[in-house]
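Hi,

Here is the structure for your set. Please load it first, then read the notes below.

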Amino acid sequence: SLRSDPGCKLSLVASKWLLKLVTDGFLESEIKEKYSERYLRRSCYSVDISQAPVRGDVKAPVTLIEFSDFECPACKAVEPMLAQVLKEYSKVRLVFMNYPLPMHPNAMNAAMAAVAAGKQGKFWSYHDKLFENQDKQTMADLVRYAMESKLDITKFQADMQAARERVEKDRAEGKKIELAGTPSILINGCKARVSSVEELRSYIEAELSK
């Protein structure tokens, strides 16, 4: 495509990504497998995000859907990458979906608390507070964060109890698309394996080139 269609922006994005794989030392067989997975047999899905909080321009043409668990260390690690690309690209929006894992004892309550905070317009600030305090997410901690966020505590506690259905709905969406774990990221509905901000940029550039 680079030879036959120099105007194709997608082939330029793909070639830069392949070059990075080569310089990172991947074997030819590994590169072929990664290329095939990303471009030839992409796994794409329809996800109901109608009730999910959005960061960035709600009308942006590139949508990152993040399935996350507030007690998951890997989820916390990916947050700076997501924040970075939102800062760099005005045409990207981030959609958050709850996917609390059974192995994390406080994850479900944390997800419910974040939904409740969202009922008072404070989802993202509460979301950030939870990741900043990942080792302190008992029920007492969750209420304390709500107080620090100046939420109506009576409403917060009532909304939190009612939020389980919403969290379960998010988790059902994740199970429907057979998520392997958290964090899981979809870019315009297609699963993306993202291990660095450079790789995330590559996926975004590919979507913007279309």
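Ground rules first. This is a predicted model: local features need pLDDT of at least 70, side-chain atom pairs count only at pLDDT 80 or more, and totals for chains, interfaces and linings use all residues. Numbering runs from 1 along each chain as its sequence is written, and side-chain values use heavy atoms, with hydrogens and water left out.

**Strand β3**

Helices (H or I, at least four residues) and strands (E, at least two) are DSSP runs, numbered from the N terminus. Buried means under 20% relative accessible area, against over 50% for exposed and partly exposed in between (1.4 Å probe, protein chains only). In a regular strand, side chains alternate between the two faces of the sheet. Here Val-92, Leu-94, Phe-96 and Asn-98 point one way, and Arg-93, Val-95 and Met-97 the other.

β3 has pairing partners (DSSP must find at least two bridges between the strands). Strand β1 (residues 54–56) pairs with β3 in the antiparallel sense over 3 bridges. There, Arg-55 has Leu-94 as its bridge partner. Strand β2 (residues 62–68) pairs with β3 in the parallel sense over 7 bridges. Phe-67 stands opposite Met-97.

**Helices α1 and α2**

Helix α1 (residues 9–23) and helix α2 (residues 28–40) have axes that come within 11 Å and cross at roughly 150°. Axes are lines fitted to C-alpha atoms, for helices over the stretch in contact; angles run from 0 to 180 degrees between N-to-C directions. α1 and α2 are therefore roughly antiparallel. The cut-offs: under 35 degrees is roughly parallel, over 145 roughly antiparallel, 65 to 115 roughly perpendicular, and the rest oblique. Contact (heavy atoms within 4.5 Å) involves residues including Trp-17 and Leu-21 of α1 and Ile-31 and Tyr-35 of α2. The buried residues of α2 are Ile-31, Ser-36 and Arg-38. They pack against α1 and α9 (197–209).

**Helices α4 and α8**

Helix α4 (residues 107–118) and helix α8 (residues 164–176) pack at about 110°, with axes 9 Å apart. That makes α4 roughly perpendicular to α8. On the α4 side, the contact is made by Met-108, Ala-111, Met-112 and Val-115. On the α8 side are Arg-164, Arg-166, Val-167, Glu-168 and Arg-171.

Best wishes
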